[in-house]
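Here are a few exercises to work through with the sequence and the model side by side. Try each task yourself before reading its solution.

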Amino acid sequence: MKTSGRETFNAVIAALEPLRAKGYLTTVKDGKAVTNGAVTIIGTGETPLDMVAPVKDRDYFFDAPLADLNDPKYANITGVVSPVASTDFDKAVGKITVDTDPILTEDQLKALRAQIATANERGIGARYWNTPYFPIRNRNLVWRTLLREGVILLNADDLDAVTAYF
């Protein structure tokens with residue numbers, strides 16, 4: 001959500017009713033059992049965690065801050081609350097300064113691996129946004145590295161490029 005999460009949240013949840021009625025949504029029951037559906041709703045941006053995590057029976061989830069999962073306020077976040085955790089690649093890993101393979105420095109790779117490991121320990125998948133998009137070689141090397149290291153979602157604004165790449 002790009003608007004105020006508290007003001008927008010209930011309207012977004014209500015708007016899911018047609019998908020809910022048809023049984024398309026991934027759900028969580030009793031705060032434990034996740035049943036995958038055709039569509040998984042993950043609130044990003046300004047989605048309020050306190051309007052997602054305490055709800056034991058729901059069909060929406062929270063996009064946790066990948067780079068901040070070790071912060072005590074996110075200590076109880078697991079894949080039941082947040083199947084995906086995301087962060088800004090540039091801020092969490094750093095700027096790309098080379099155009100060779102490997103594209104990341106040892107320190108950058110160490111940071112990336114630590115963030116992905118923390119998420120995986122809790123049953124959460126990792127996603128990075130704001131990855132390099134140009135030059136194309138760098139973009140492709142970063143995509144390859146992210147996939148090799150275990151991200152579950154590849155963020156891509158250029159859908160034609162990502163389909164051609166794969």
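**Exercise 1.** Is Arg20 buried, partly exposed or exposed?

*Solution.* A word on the ground rules comes before the steps. This is a predicted model, in which local features need pLDDT of at least 70 and side-chain atom pairs count only at pLDDT 80 or more, while totals for chains, interfaces and linings use all residues. Residues are numbered from 1 along each chain as its sequence is written, and side-chain values use heavy atoms, with hydrogens and water left out.

Step 1: recall the classes. Buried means under 20% relative accessible area, exposed over 50%, and partly exposed in between (1.4 Å probe, protein chains only).

Step 2: apply them. Arg20 has a relative accessible area of 27%, so Arg20 is partly exposed.

**Exercise 2.** Which side chain meets Arg20 in a salt bridge at 2.4 Å, N to O?

*Solution.* A salt bridge is a side-chain nitrogen of Lys or Arg within 4 Å of a carboxyl oxygen of Asp or Glu.

Step 1: find the partner. The side chain of Asp59 pairs with Arg20 at 2.4 Å, N to O. This pair links distant parts of the chain, with Arg20 in helix 2 (residues 17–21) and Asp59 in the loop between strand 3 and strand 4, 39 residues apart. Helices (H or I, at least four residues) and strands (E, at least two) are DSSP runs, numbered from the N terminus.

Step 2: check the partner's setting. Asp59 is buried, because its relative accessible area is 7%.

**Exercise 3.** Look at the other salt bridges: how many are there by this rule?

*Solution.* Step 1: the count comes to seven salt bridges.

Step 1: take Asp50 and Arg6, whose side chains form one at 2.5 Å, N to O. Asp50 sits in the loop between strand 3 (42–43) and strand 4 (61–65) and Arg6 in helix 1 (residues 5–15), so the pair ties together parts 44 residues apart in sequence. Asp50 is partly exposed, with a relative accessible area of 47%.

Step 2: turn to Arg127 and Asp63, which meet at 3.6 Å, N to O. Since Arg127 lies in strand 6 and Asp63 in strand 4, this bridge ties together parts that are 64 residues apart in sequence. Arg127 counts as buried at 16% relative accessibility, and Asp63 is buried at 13%.

**Exercise 4.** Which residues lie closest to the centre of the largest pocket?

*Solution.* Step 1: a pocket, on a 1 Å grid over the protein atoms alone, is an open set of points where a 1.4 Å probe fits, with protein on both sides within 12 Å along at least five of seven lines; lining residues have an atom within 4 Å of a point.

Step 1: the largest pocket has a volume of about 340 Å³, where volume is the space filled by probe spheres set on the points, joined across faces, edges and corners.

Step 2: of its 17 lining residues, the closest to the centre are Gly45, Asp63, Ser86, Arg127 and Trp129. Strand 4 gives the largest share of the lining, four residues.

**Exercise 5.** Where is Thr131 found?

*Solution.* Step 1: Thr131 is in the loop between strand 6 (125–129) and helix 5 (136–149), and is buried at 12% relative accessible area.

Step 1: leaving aside neighbours within four places in sequence, Thr131 is in contact (heavy atoms within 4.5 Å) with Phe89, Val142, Trp143, Leu146 and Asn155.

Step 2: the second largest pocket, of about 210 Å³, has Thr131, Trp143 and Asn155 among its lining residues.
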